[in-house]
Amino acid sequence: MEILIQQFVNALSLGGTYALLALGLAMVFSVLGLINFAHGDLMTLTGYAMFFAIGAGLGMPLAVVLGIACATLAAVAMERVAFRPVRDANTATMLLTSLAVSTILHMLFQNLISARPRAIPVPSWMIGAVDVGGLAIGVIQLMSITATALLLIALSIFLRRSTLGIAMRAAALDFPVTRLMGINANAVVATAFGLSGLLAGVAGVLWLAQRGSVDPLMGFLPVLKAFIAVVLGGLGSLAGAVVGGFVLAFIEVFLRAFLPDGWLPFRESITLTLVIVLLLVRPEGLIGQRENVR
Amino acid sequence: MNQVSTTRIAAVAAGLMVAGGTAQGDSHGITIGYAGGFTGYLAPYDQPSLNGVQLALDQINAAGGIMGMTVELIVKDTRSDTAQASVVAQELVDDGVVAMIVSCDVDPAVASGVMAQVAEIPSASSCASTPTLPAAVGPYMFSNYTADNLQGAVLAEYARGQGYENAYILLSRDTPYTEKLPEYFGEAFEAMGGTVVAVGEYTMGQQDFSAEVTNIGGLDPSPDVIQTSAYEPDFPAFIKQLRAAGIDTPVLGSDGIDSPTTFSLGDVAEGVVFSNAGFASPGSALEAFEMAFEEKYGTPNDTVFTATGYDLMMVIAAAIEAAGSTDGPAIRDAWDNLENVQVATGSITYKDQNRVPVRVVALNQVSGGERVHVGDFSPDPSMIPAP
Amino acid sequence: MNNGPEHLLDVAGLEVRYGAIEAIRGAGLEVCKGEIVALLGANGAGKSSFLNAIMGLVPLTSGRVLLDGEDIAGEAPEAIVRRGMTLCPEGRRVFANLTVRENLAIGGATRRRAGDAATILTGMLDRFPVLAERHDQMAGTLSGGEQQMLAIARAMMSAPRIVLLDEPSLGLAPRIVDTIFEMIAALQHHGATILLVEQNVDLALDIADRGYVLASGRVALAGPASELLASGDVERAYMGRD
Ligand SMILES: Nc1ncnc2c1ncn2[C@@H]1O[C@H](COP(=O)(O)OP(=O)(O)OP(=O)(O)O)[C@@H](O)[C@H]1O
Ligand SMILES: [Mg+2]
């Protein structure tokens, strides 16, 4: 029983990171119809910003702030430079643009910084565990769960209460009509990218705290997971992305924890099979709604 | 330029040259090809290897070249793509290279190696450590790097020497290295009387090891030692989560974790023992190499793949010198009979080894964020698991 | 040009193409302050293209679009809305996953001062009481007629000088259509200027002051609503005489 609760906490913590990433991906997708494959590279940028900040002796808290700020600004810049010129182009063009941005960033990281990983020393207090009712919960896990919860609450307040937030949800449903409300398209798109960068930055910090190093290709796997989560939750649905992230993490953690030994090599295929089965049962995704399809 | 270290390295290089002939006035050069993944996922290995190769080349040419001929390197990027690895290798064959260095990973190495094999040009992977690689391609393919079974055996010997009875191994079937090395370790560990109590599996890049760690905590009997060949980003993530869960079982790693990240992990990595291709003890050739490296590139060396790249270039030079010819079959035969070639990491022997060299395996321990030399090992051949 | 009151909207020589398709071939019209002008035409005549082009939703190839004397051709939709012209699009297009309240709130996004928006909102809820009852309901769960009312109210939230309505009767039961048209007429009484696109000729001309008939992207007929209604030419123009 205790192990079950422990694994539950494990999944919650991993799911939080997936959810943040997926939410950022979904936010951009919902306003532009673009799956931004360079999304994961924003995490990488966070990592390098932290690496250089720590190298300059700025200390961890400042490095974290700089890392997140860097991802946020980079996301906005990415939109301005790369995606705005092709905004009215077809989906394939935008997709290729995002792949190109990602590839260029990889090249720059590999050639200007290093192809080898760069260490990001994590303060030792972050590596401990705290005892919560007989359960050992890692500090990083706790931080991950807390950060996710706070961020999701803040974001949902923003999306429900502020005009820009409502406009973003409206834009996700019908972009042209949102413009007919006098909402500036550029502002909505830039906000979506900025928020996606912020989310990627926070997810990046959590991810980096686990891995302890940054390398040029670090963003690839997380963006893949986030993509699966987004599809699972329902393309275009923000709540769906969050739910998809958690569901994916729960499937992964529980398979890894409880599959019998002989089955372990197949855990990834089983995960994907489960995702496909879920999508066959609910083709619109877990939260996706018919209205989105219109 | 730092005269001292240049001289010292030149001496190492010169050691290889004595057997060769003297300069032959005017001669067209010798070309060596390198089909590596300089961009893409292999860049972290092939880029440093290339840096080492180029350093060796500088020294060889400064010392008069091979058989008096200057050596030229043609570098082609496979973009870490297996199909491209064979295309690029064929281009190098067409360019007339006399030997070829291929990628660090098995699949592209085989793809390139086959092209060289067909053209009867000897080739070697810079740092692929799978012992079955040369046999998979044919008589023109060589290994360079410390083989997985060798490292596994050295680690097992060390573990048994520490009195560990029960081992947990953590492997990933994503690459032969992360899968086979722990399996070789387990095989050798059991052959030496130990027991593998459980095998865990992970996916490279998964980051989250909470499920595996929770399982390790619940094992009965609990393991005395954990062996894994996970490397960045998996190893740091794993060991942090392991230690965070209060599990202080000793951990044995392999050369993949020989990286600055490991030494910056702080308390969690304290005491981790890992194998690699050599330790730069004072006065060693490796130390001289490190100095020359920093002088050429302006940054300290941060991985052993530079040194093993350097070693490989030196081995190729030695093979050509020994063959006394740039003819492929002649170089191949000479290479296959090389003995005690002095290189940056120590010495390398190919004779009677089926093209998988015997070279020293060093064990290192992480202590206070520094690397401490545990010792150099060459296990009894009977204790090395068959590939 | 110099006859009658000042034109609030003045469109001339409008051309719109979608690749090889010429949807609008040099059409134009005028709307005066306080008027309801009907723009009629068969399916595919180009009515929506006309509205979308002057709103900046689809690019126009050429033409002049004067709003209160200023040329706004080619401006972005959000800029045009801020200048005081808005469109209630074909098919209602309410934000289905947003509540009625949120739909109205975003409609009033251009009213900078919160007080303004609140005053307009009160006015809208008076005029469309059903929306007050459904305030916290998702717009997607409203009936078709309610959605159309919401769409019109949402457009009116920006307090436009002129509103373009694209087929408000589309897909609605006749009884509901009557209600909607009564509401449109009421809007005019409260001072609104309206360009009304319709297929429902009789109803539209009934509340309109003047009418235009579009056929194959050109204005085939124009005149005061009562004359068009009486003449019977509209049906002929509908068939298109290219
Ligand atoms: N986005 C588009 N791409 C290509 N062709 C279009 C597009 N929109 C409209 N058309 C074409 O332009 C012409 C005019 O269409 P439009 O929608 O303006 O007509 P309409 O008068 O509004 O018709 P309806 O009464 O059916 O709404 C039609 O032939 C239509 O097929
Ligand atoms: Mg229409």
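Strand β14 (residues 361-367) of chain B is mostly covered, with five of its seven residues buried. This is a predicted model. β14(B) pairs with two strands, β10 (residues 273-276) of chain B and β15 (residues 370-377) of chain B. Elsewhere, chain A touches chain C through 18 residues of chain A and 22 residues of chain C. The largest nonpolar core holds 305 residues.

**Around strand β14 of chain B**

- β10(B) runs antiparallel to β14(B), and four bridges link the pair.
- In this pairing, B:N364 of β14(B) stands opposite B:F274.
- β15(B) also pairs with β14(B) in the antiparallel sense, here over seven bridges.
- Across that pairing, B:A362 faces B:D376 of β15(B).
- A hairpin is formed by β14(B) and β15(B), with two residues between the strands.
- B:G368 sits in the turn and has a positive phi of about 55 degrees.

**The largest nonpolar core**

- Six residues touch the most other members of this 305-residue core: A:A22, A:L25, A:V230, C:L39, C:L196 and C:L214.
- Helix α1 (residues 2-32) of chain A is the top contributor, giving 17 residues to the core.
- Chain B takes part too: domain 1 (3-146 + 280-356) and domain 2 (148-276 + 362-383) each supply at least three residues.
- What does A:V230 touch, leaving aside residues up to four places away in sequence? Its partners are A:A22, A:L25, A:A26, A:F29, A:L235, A:A241 and A:G244.

**Where chain A meets chain C**

- The contact draws 18 residues from chain A and 22 residues from chain C.
- On the chain A side, α6 (163-173) and α7 (175-180) each supply at least two residues.
- α6(A) gives the most to that side, with six residues.
- By type, the chain A side divides into ten nonpolar, four polar and four charged residues.

**Chain C as a whole**

- Chain C has ten helices and ten strands.
- Its radius of gyration is 17 Å, close to the 18 Å that the globule rule gives for 242 residues, so chain C is as compact as a globular protein of that length.
- The C-alpha trace of chain C spans about 50 × 40 × 35 Å along its principal axes.
- How much of chain C is buried? Of its 242 residues, 48% count as buried.
- Take the contacts in chain C between residues at least 6 apart in sequence: 66% of them join residues at least 24 apart.

Technical notes
Residues numbered from 1 in each chain as written. Chains lettered and ligands numbered in written order. Predicted model: local features only at pLDDT ≥ 70, side-chain atom pairs only at ≥ 80, totals over all residues. Contact = placed C-beta atoms within 7 Å. Nonpolar A, V, L, I, M, F, W, Y, C, P; charged D, E, K, R; others polar. Rg over C-alpha atoms; globule rule 2.2 N^0.38 Å. Buried ≥ 20, exposed ≤ 12 C-beta atoms within 10 Å, placed from the backbone. Core = buried A, V, L, I, M, F, W, Y, C linked by C-beta atoms within 7 Å. Domains from an automatic or database assignment. Pairing = 2+ DSSP bridges.
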